[in-house]
Every structure is written in C-alpha cells, then in structure tokens.
Amino acid sequence: MTTTTQPASTGAAGEGPSSHTSALRTGSLPRYTEPVLLAVTAAVVGGGLFALDVFHVVTFGLLTAALYLTAIGVASGIMENSRRAKDRLVTGVVYCCFIVAMVPLVSLLWTVVVNGMARFDGYFLTVSMNGVLPSMEAGGVYHAIVGTVMITGFATLISVPIGLMTAIYLVEYGRGRLKQAITFFVDVMVGIPSIVAGLFVVALWMMLFGPGETNGAAGAVALSVLMIPVVVRSSEEMLRLVPDELREASYALGVPKWLTVVKVVLPNAVAGITTGIMLALARVIGETAPLMLTAGMAASKISWNLFDGQMMSLPVFIYSQVRLGGEQDYDRAWAAALTLILIVMLLFFLARMVSRFFAPKTRR
C-alpha cells in the first residue's frame, strides 16, 4: 500500500513556514555596538563643537543624545528589524531621561560637598554659636543639630500615630461621607504651603500662651501639620497593597478585625509604611519658614528642652548665616547644609534597617 505525501499548507499566497522562519532569522548587532557608537558620537560632536569654538556642556549633551539615538535606530533598522529598532530607540530615550533627571541631583550633591568640606570637621559638629560674633571664624552647628533632632523627632511622635491610625480607618473601617470628607481634607492638606502651617501654629500659640511665645514645641506642631497628610496618604496606599486573601484567611480562623490589622495587615505593609514615614520626615526636616515663625531664629545656645524658649534648627541656621553675608558665614552655611544632607541619609539608612528587621520573613 502506497501513500503519497501532501505538500504542507502555505496558507495565503506567498506565505509559508519558510517566510516566517526567515523573518525571525534576522541579523543582530554585537553587544559592544551601543557603547562604541555612543563613544563615537560623543567624539564627533565634541570635536565639531571644539572646532567651531562653541563648546558647551548642555549643547554637547543634547547633540550627542540626538545623534546617538538616530544612529542606533538606523543601525538597528538595517541590521535587525523594525521592532528591535523601536525597542533600542525607546531604551535609549529612557536612559537619556534618567541621565537628565540625575544631573541636577549629582550637581547639587557635588556643590554641597565641595563647599561644605571647608568647615566640616569635628570642631564644627561639637560646638555651638553661643558667644560667637558674626565676624569670627569660630563657632559650630551643634546647637542646630540638637534643635533639628528634637523638633523633627517630636513632630514625628505626633504625626506617625495620627497619620497611621487615620490611614487604617480609611482602608479598614471607613464608610460613607465621613471617609470621603477625611480623604478630601487630607488631599487638601498635602498641598498646603509651609508658611500657612507656621502662621496657623503662631495663631494657636498666641491663643493658648499669649503673644511672643516661641519654642521648639511650636515648631514641632507646625511640622506635624505638614507631615500628617503625607503619612496618611503613603500609609493608606501601602495598606491597600496588602492582599485581601490574607485578611479573609485570618477572618476564617476566627481572628477579630482589630487583631487581623495588627498581626496580619501592618506586618505585611511595614516596609512601605516606614518608607512613607521617611519621605514625610524628609519633606519637613528642611522646612525653614514655619520654624522661623514658631521656633525662632535667634537662639545660639544648646537646648534640649522643647518648651524652654527659642530653639535653632539646621535650615534656619543656614538661612541666618547666608543672611549675614560674610565669607566665614557662607562657609558655615555650606557645612550646615552638608550636615543636614548627611542626617537625612542616615535616617533613610536606619529606616531601611528597621523595615528589613520588622518585615515578615518569607521562604524562597
């Protein structure tokens, strides 16, 4: 018995398996193409600008990016296919946008480090400005560090419980118009100007303690007004990311709702909540206007008591030194700015450690 082999179906005219296979077997650019092409385009653009005597960093960067994106798109379109060319082009655009976003940050950090290292030393960090005249080169920032830590710490102590409890209510318990009203006012408070928060606390302090009563506690309350809505919004989003299946499994075991929130929801959201708290803290630690109105700007002694007169902070110290205008004052201002950046970086590091320590352990 003989059998005849039928030719494979080719579908539409001119389209068969061989055509699809050949479409996939296109060329591919070597891995070193992109860095080599970037170096070549940078050399060509830089040489041209130097030859024309019009070299500028911004012009060099823009022309290099435009020429590189064009070259990589054309080369990929010729050697590979249109889909791969579009992918390489979009990838290049993303990298260019990332570099553009990083340039101001790197420039800012570099400027602060270069100018701040002139006075940044152990002496500067361990002495205050008590008894130091503006024209003197002596003095340090220790009193401002103490004030910043005390004011922001007290503001965090006020803001975190209120903000976290509000977020838990909105996610787990809130219903109806009350939830809508709280959400609306939180959204409004997120964009409130800092000077308005300072004026609000000044008016509140005048009503409670009389005019002219400025201290670190008033500054902490002003910062908490700015910090609470950020904590609420970030914590709310992190709590919503916890899967409902975890809550339902806890309810199925007979665990009450409040204990489910404490034992299941919060541990699974602790990393994101900690990050949100640190973002809120970074939002207020550099505020100047509300602290000038509430904590004052004339303190030069070391004070650990939030309720004992005016208290200096790093942002206000930087402003006051720049306002004096002397060379030694500018040096102290740059060194204080470097100190403030280092404190923020240290706080973020500690927050990462806390979130990693308290986050639930999972097996992989």
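Domain bounds here come from an automatic or database domain assignment. By that assignment, I have domain 1 (32–118) and domain 2 (126–358). I note that this is a predicted model, where local features need pLDDT of at least 70, side-chain atom pairs count only at pLDDT 80 or more, and totals for chains, interfaces and linings use all residues. Residues are numbered from 1 along each chain as its sequence is written, and side-chain values use heavy atoms, with hydrogens and water left out.

Next, the interface. I looked up the centres of domain 1 and domain 2, taken over C-alpha atoms, and they are 39 Å apart. Seven residues from domain 1 and five residues from domain 2 make the contact (heavy atoms within 4.5 Å).

How much area is buried between domain 1 and domain 2? I get about 570 Å², with 86% from carbon and sulfur atoms; buried area is the accessible area (1.4 Å probe) that two parts lose on being put together, summed over both. On the domain 1 side, Val112, Asn115 and Gly116 lose the most area to domain 2, together 65% of what that side buries.

I also checked for salt bridges across this interface and found zero (a side-chain nitrogen of Lys or Arg within 4 Å of a carboxyl oxygen of Asp or Glu).
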